[in-house]
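Hello,

Here is the structure I promised to pass on. Please open it and follow along with the notes below.

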Amino acid sequence: LPVLPLSQHVNGDEAMATGAAFYGANSSVRSRTKKVFYMDASKHGYELAVRPGNLSQEHEAGWQREDVLFEAHSKLRAKKTVKLNLAYDLEALLLENGNHVLTWKIVGINAAAEKHAALGTPLISLKFELDPSGIVQLSSATAIFDEPIVETPPAAANGTNPDAVGSNASANASTDGTGSTEKAATESEVPEATGPGDASNASDTTSEVGANASNGTPGASSSSANTGKPKIKKLKVPIDVVEVFDSVSPRPLSAEERQKAISRLAAANAADAEVAKVAAAKNSLESYIYDSRSKLNDDESCQAVSTDEERAVILELLTQQEDWLYEDEASAANASVFEAKLETLQASVNPILARAYELEQRPLLDEKIEKVRVAINQTMEYVKKNMTWVDAKEIEGVANLTNEFEEWWANVTQNQSTRALTEEPAYRVHQAERALHQVASEAQRLTKIKKIDPIPYSDYGRGYGGYGGYGGYGGNGGYNDPKMRAYYEEMYRNFGANGSNYSNWWNSSNFSNFTGWNDTDYMRSYYEHAARNFSFGNDSNSTQGGANEKSEL
C-alpha cells in the first residue's frame, strides 16, 4: 500500500475542542446523536507497588508486590482488580511513568482478620479505575472471608422417620448388591495462591464444599441426612482507604485546603464587587454635581422656574460636595455614604428640574390635546351617523367622560395661570396625557362594536332540519321543492279521508289575537308568518295554491 502523508488540517487547539465535542456528544443524555467512534486514551502508564503498611503487625518479612495497572495509551474508563491473600494492613504506591504520585493507606485488614480469625486468611480485593479524566482511582477495598454455613435438611413428608428411610435405602442397596455414593453439589473457586502474599485472579463467587457420603452404609446415610450439606458464604468486609501525598510534589489540595481556597476566592470576589459598587456610587455623585451646576447656570427653563437666592444656595451645596470628593474621608467612604449624599442633592435640585420640564412640555400638551379632541369628535359623529346599532348608553358614557376631562382641564389650566413659575405646577403633564388617553380609548372602542342582526322566522334554522333547511318548509325537500310539492298537495287534500276534519283544527285558533297559543317572540313570529301565507276553508279538502298562493317572506 502507498504511504499517505499525515493529515494536518487540525492544529492542537482545534483537536482539543473537537475531542471535547465528541466526548460531550457521546455522553449526552438530553440530545441523541450518532455515536462518534474514537479512542480516548491516556498517554501515561501506571504501576502499583504494594507493601506492608504497619510493620508492627505480623507479616512476611521483605514482602512487596509490584504490578502494572494500566499501560501507556490505555483506554479511559478501564478497570482492573488486584487480589491478595494476607491479614495485615497495606500501603499502595501509585507510579506514573515511574514517578511516585500517590500513596493509599489501606487500613482495617488486620482488625477484620482478628475479628474473624476462625474464618482463616481473607482475600483482599482492590478495585482500580482509570476515570474519564485520566486519573487512577481506588474505588473500593474489600476483605472477603469464606464462612461455612450448615443448612438444616427439610423434615421428611408424612411423618416418616429419616433413620428409617436411611435404613430402607441401605437395605435396598445391599439387596441389589450395588453401593450407593451421595455427592454434594459444589461451586468452588480457589484463589491461585501459593503463599499468603501471592495475588490471585479469583472472582467473588460463592463456594460450596460438600463431603462424599460413605459407601451406602446405613450409618453414613443417616448421618448425612441429619447434619445437612455445608456451604461456603462470602463474607465481605469494606476496608478504609486514605490518600496520602506527604512525599509527593506537587501534590493536590486536600478537602480542607480546597474549602479554604474557595472561601478566599469568595471573599476576594466580594471585595471586588464592593470596590466596583463604591466606584459607581462615586461616579454617579460626581456626574450629578457637574450636570446640575451646568443646568442651573445655563439652562433658561431652570432659571425661569427658580429664584436667584434658591439657585445660589444649591450651587453652594454642589460646591461643598465637590470639594468633599477630594478629601480623605471620601477615599475611605463606602457606597452607602456616596448614595446618601446623592439623595441629599437630589432633594434640592430635582424640584427645579421637574418644574423646568413641565414648563417646556406644557405648550406641546396644548397642541396634543387639541388634536385628540378633534379626533374624538369625529369618531363620535361617525358612530352616531353610521353605527346606529351602538347603544345610546355607550355613546352617553363616552360623552360624559369627555365632559369630565374638559372640566378638569379648564380647572387646572385656570389654576396654573394664576401661579408663578417658581411655584409647584397645578398639574403634571403625565396626568393630562393619561386622562386624555382614557377618553380617546373609550371613543375608539365604540367603533369596534359589531352589529348583530336579528334572525327572522323565515330564516331561522336555515340548516339541516331547521325551518327552511334540509327537510324544512321551503328548503331542500320542503314545500317549494318541485319533487315534494305534489306530495304535500295530495297530503292536504286527503286530511279528511279517515273522517276527521283537519281544517277545523285551524279554525279553532284565532290568528288575529293568538288566543290559546304560546305567546313567545319566536312563536308570535311563527303565527304571523302562518297567518300571512296560509288560507284554509271549512271543508276537509281545502288546499293552498292557485292564483292566491303566497310565497314565504
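Start with Lys341: its charged end sits over the ring of Trp324, 4.6 Å from the ring centre. A charge sits over a ring if NZ of Lys or CZ of Arg is within 6 Å of the ring centre and within 35 degrees of the ring normal.

Before you go on, note that this is a predicted model: local features need pLDDT of at least 70, side-chain atom pairs count only at pLDDT 80 or more, and totals for chains, interfaces and linings use all residues. Residues are numbered from 1 along each chain as its sequence is written, and side-chain values use heavy atoms, with hydrogens and water left out.

Confidence comes next. pLDDT is the predictor's confidence in each residue, from 0 to 100. The protein averages 76, and 66% of the residues score at least 70. Over residues 162-225, pLDDT stays under 50; the model has 77 contacts (heavy atoms within 4.5 Å) beyond four places in sequence for them. Residues 463-475 also stay under 50, with 33 such contacts.

Now the rings. There are seven aromatic pairs in the structure. Rings of Phe, Tyr and Trp (its six-membered ring) pair if their centres lie within 6.5 Å; planes under 30 degrees apart count as stacked, over 60 as edge-to-face and the rest as tilted.

Why is the pair of Trp324 and Phe338 edge-to-face? Their planes are at 65 degrees, so the pair gets that label; the ring centres are 5.4 Å apart. The pair links distant parts of the chain, 14 residues apart: Trp324 is in helix 7 (residues 308-324) and Phe338 in helix 9 (residues 335-386). Helices are DSSP runs (H or I, at least four residues), strands likewise (E, at least two), numbered from the N terminus.

Are Trp324 and Phe338 buried or exposed? Buried means under 20% relative accessible area, exposed over 50%, partly exposed in between (1.4 Å probe, protein chains only). Trp324 has 7%, so Trp324 is buried. Phe338 has 0%, so Phe338 is buried too.

Phe405 and Trp408 form a tilted pair, with 6.2 Å centre to centre and 35 degrees between the planes. They are separated by about one helical turn because they lie three residues apart in helix 10 (residues 392-417). Phe405 is buried at 6% relative accessibility. Trp408 is partly exposed at 28%. Ring pairs also link Phe405, Trp408, Trp409 and Tyr427 into a cluster.

Best wishes
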